[in-house]
Amino acid sequence: MLGLPDAIKVALFDLDGVLTTTAVLHRTAWGEAFDAFLSKRSTDGSGQPNEDYRPFTEQDYLDYVDGRPRADGVRNFLASRNVTVDDATADAIGEGKNNRFTALLQRDGVTPYPGSVRYLQAASDAGLGIAVVTSSKNGAAVLDAADLSKFIRVRVDGIEVARRGLPGKPAPDSYLLGAELMGVPAAQAAVFEDALSGIESGVAGKFGYVVGIDRVGGTQAASMTAAGADVVVTDLDQLLEGES
């Protein structure tokens, strides 16, 4: 009924972009934070444009930031532009992003995807164990604001990942922790992800099933399949029996 192999006992969901629309807020906040940094360095000493400091793009978000811990996202993106900064500057960019995200969250609120709510309800009714594994340190606030906490038995978020000193996605450690806390081996857990780094995490952890959720279009579904997703859908309720 849930579109999963019979061996799966637990569902491990990423949060932003999988259950809630907050991935859009994250992308906007990252764009504002990076562009504030880049704009001050957009020309070289002669006044000519510097290609490395062109504005942050949606593709940059997908390639270097999406799904990763905040500090990793800063470093990955800057490295892609051949930009080196000290730790204080990197931390300031990350903190600026989080401040912008928090302001957007307060202004715009949180909306869960209706298809995801349908799937969570169906999974809960079927007795599937449900956990959230997110790189975000705002996981609890987002779940509460979206009225989704009632479905979640275990939450592994950016705060817990940092507390335990775990590497972030695409390393599988946070998802493996989620499965451990839910009392199952990786082979009995399914990973649900909208980020390529998360798909890679699920594959690296040898999870029983990896579901890609393509909220972007274009080549994203093909990229998810190439990264190892077992199935790619555009909304979670497509997995429900009878959905097309």
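Predicted model: local features only at pLDDT ≥ 70, side-chain atom pairs only at ≥ 80, totals over all residues.
Colleague: Where in the chain do Phe13 and Phe192 lie?

Modeller: Phe13 is in strand 1 (residues 10–13), and Phe192 is in strand 4 (residues 189–193). The two are 179 residues apart, and the pair links distant parts of the chain.

Colleague: Are Phe13 and Phe192 buried or exposed?

Modeller: Both Phe13 and Phe192 are buried.

Colleague: Now rings and charges. Which ring does the charged end of Lys97 sit over?

Modeller: That of Phe101, with the charged end 4.9 Å from the ring centre. Look at Arg215 as well. Its charged end sits over the ring of Tyr113, 3.5 Å from the centre.

Colleague: What can side chains of opposite charge do?

Modeller: They can pair when their charged atoms come close. A search of the whole structure finds twelve such salt bridges. Take Glu32 and Arg100, whose side chains meet at 3.7 Å, N to O. Glu32 belongs to helix 1 (residues 22–39) and Arg100 to helix 4 (residues 87–108). They are 68 residues apart, so this pair too links distant parts of the chain.

Colleague: What is the case for Arg107?

Modeller: Arg107 forms a salt bridge with Asp108. The closest N and O atoms are 2.8 Å apart. Arg107 is exposed, with a relative accessible area of 62%. Asp108 is partly exposed, at 42%.

Colleague: Which residue forms a salt bridge with Arg118?

Modeller: Asp237, with the closest N and O atoms 3.2 Å apart. Arg118 lies in helix 5 (residues 114–125), and Asp237 in the segment after strand 6 (231–233). The pair therefore ties together parts that are 119 residues apart in sequence. Arg118 is partly exposed at 42%, whereas Asp237 is buried at 13%.

Colleague: Which residues do salt bridges that share partners join into one network?

Modeller: Asp14, Lys169 and Glu193.

Technical notes. Residues numbered from 1 in each chain as written. Heavy atoms only, no water. Helix = DSSP H or I, 4+ residues; strand = E, 2+ residues; numbered from the N terminus. Buried < 20%, exposed > 50% of the residue type's maximum accessible area, 1.4 Å probe, protein only. Lys NZ or Arg CZ within 6 Å of the ring centre and 35° of its normal. Salt bridge = Lys/Arg side-chain N within 4 Å of Asp/Glu carboxyl O.
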